[in-house]
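This briefing covers the strand arrangement and the surroundings of the ligands. The structure is shown first, and the notes follow by topic.

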Amino acid sequence: PAPRTLLLTGAAGGLGTLMRSLLPEYGYTLRLFDVRPVEDAPDAITADLTDTEALRKAVRGVDAVLHLAGISLEAPFEKILRSNIEGTYNLYEAARQEGVPRIVFASSNHAVGFTPAPRAGEPLIPVTTPRRPDTFYGLSKCFGEDLAQLYWDKHGLETVSVRIGSCFPEPTSVRMLSVWMSPADGARLFHAALTAEDVGHTVVHGSSANTRLWWDLGSARALGYEPRDDSEPYAAKLIAEQGEPDPENPAHTRLGGHFVNDPPIWPY
Ligand code: NAI
Ligand code: 15L
């Protein structure tokens with residue numbers, strides 16, 4: 001049966017806020033979780049992913065989890081370790097113990113951020129492309145995907161890992177023209193990931209049907225995802241403002257954009 005009660009972690013964040021408004025249309029009842037209070041949601045659970053008791057209670061009785069909580073940009077390794085690596089492990093353990101059958105995990109393009117973007121005429125990046133994390137942040141998403149595989153193989157807990165490109169109301173860079181996922185398409189993809197049958201552990205790319213798309217959406221479409229948006233209407237303005245991509249600049253030629261150039265954040 002289709003999941004109806006959904007735990008949304010990271011509900012106070014940018015994507016969480018978008019999904020709080022879009023997912024109820026698909027018939028979900030949302031339970032909200034975040035370390036920060038969620039505006040206008042007095043019933044939201046305010047707790048950290050390190051709080052294993054709060055997590056056990058939060059997942060109890062839900063049909064699925066959409067796991068968005070975590071640090072969403074590069075940060076010192078210790079912080080990534082706590083929120084994204086230990087935090088995601090804590091969530092999976094709570095879900096296993098409470099018998100939650102499925103998690104949709106917000107992975108990221110930064111798990112494969114050093115992958116060269118395809119040039120004109122080259123094939124799109126397949127979902128099986130080798131991991132090439134561009135940051136400790138991207139590395140934590142690699143961990144989350146492997147954790148999901150382990151919990152499927154060992155415990156039968158299903159996951160769809162969505163390597164999200166850039167999910168914001170509008171694309172704001174030339175690079176985003178290639179990886180943008182409109183919030184409406186994001187909701188479509190998460191809904192497909194929550195309802196498709198027999199997903200085991202499936203990795204998908206998360207983007208709209210962009211004219212300048214860099215990666216293959218085949219495994220997402222196989223779940224029933226039908227993107228309806230395209231970043232192209234934003235292209236002329238962004239290119240006029242920012243110029244054409246510079247083939248000498250890795251921030252323009254690698255999937256992860258500026259993350260590949262940014263220095264690590266100290267201390268390690
Ligand atoms: P965000 O930073 O706006 O939201 C993340 C939320 O997680 C915040 O509200 C924060 O308070 C919460 N959080 C952080 N650490 C926590 C902890 N230890 N315990 C409980 N809650 C904690 O990020 P955004 O953009 O909403 O992204 C959501 C998820 O999607 C993140 O996992 C991010 O890595 C992933 N993602 C987002 C993309 C995007 O384009 N927005 C692209 C790729 C991945
Ligand atoms: C991500 O993984 C980040 O969470 C988000 O803030 C954006 O930076 C996005 O990737 C992106 O690559 O545009």
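Which residue in strand 4 is the bridge partner of Thr-9? The partner is His-67. The model is predicted.

- Seven strands form an open sheet with parallel pairing, in the order 3-2-1-4-5-6-7.
- Strand 3 (45–46) and strand 7 (201–206) are the edge strands, each pairing on one side only.
- Four bridges join strand 1 (residues 5–9) to strand 4 (residues 64–67) in the parallel sense, and Thr-9 with His-67 are bridge partners here.

**Helix across the sheet**
- Helix 6 (residues 183–195) lies across strand 4, strand 5, strand 6 (158–164) and strand 7.
- The angle between helix 6 and strand 5 is about 140°.

**Shell around ligand 1**
- Ligand 1 has 24 residues around it, of which Gly-13, Leu-15, Ser-72, Ala-106 and Ile-164 come nearest.
- Helix 1 (14–22), helix 3 (77–98) and strand 5 (102–108) are the elements that give two or more residues to this shell.
- Helix 1 contributes the most, with three residues.
- By residue class, the shell around ligand 1 holds 11 nonpolar, 10 polar and three charged residues.

**Shell around ligand 2**
- The residues surrounding ligand 2 are Ser-72, Leu-73, Ser-108, Asn-109, His-110, Ser-166 and Gly-257.
- Six residues of this shell are polar, one is nonpolar and none is charged.
- Ser-72 is found around ligand 2 and is also among the residues that come nearest to ligand 1.

Notes
Residues are numbered from 1 along each chain as its sequence is written. Chains are lettered from A and ligands numbered from 1 in the order in which they are written. This is a predicted model: local features need pLDDT of at least 70, side-chain atom pairs count only at pLDDT 80 or more; totals for chains, interfaces and linings use all residues. A residue is near a molecule or strand if its C-beta atom, placed from the backbone, lies within 6 Å of it. Ala, Val, Leu, Ile, Met, Phe, Trp, Tyr, Cys and Pro count as nonpolar, Asp, Glu, Lys and Arg as charged, and the others, Gly among them, as polar. Two strands pair if DSSP finds at least two bridges between them. Two residues are in contact if their C-beta atoms, placed from the backbone, lie within 7 Å. Axes are lines fitted to C-alpha atoms, for helices over the stretch in contact, and angles run from 0 to 180 degrees between N-to-C directions.
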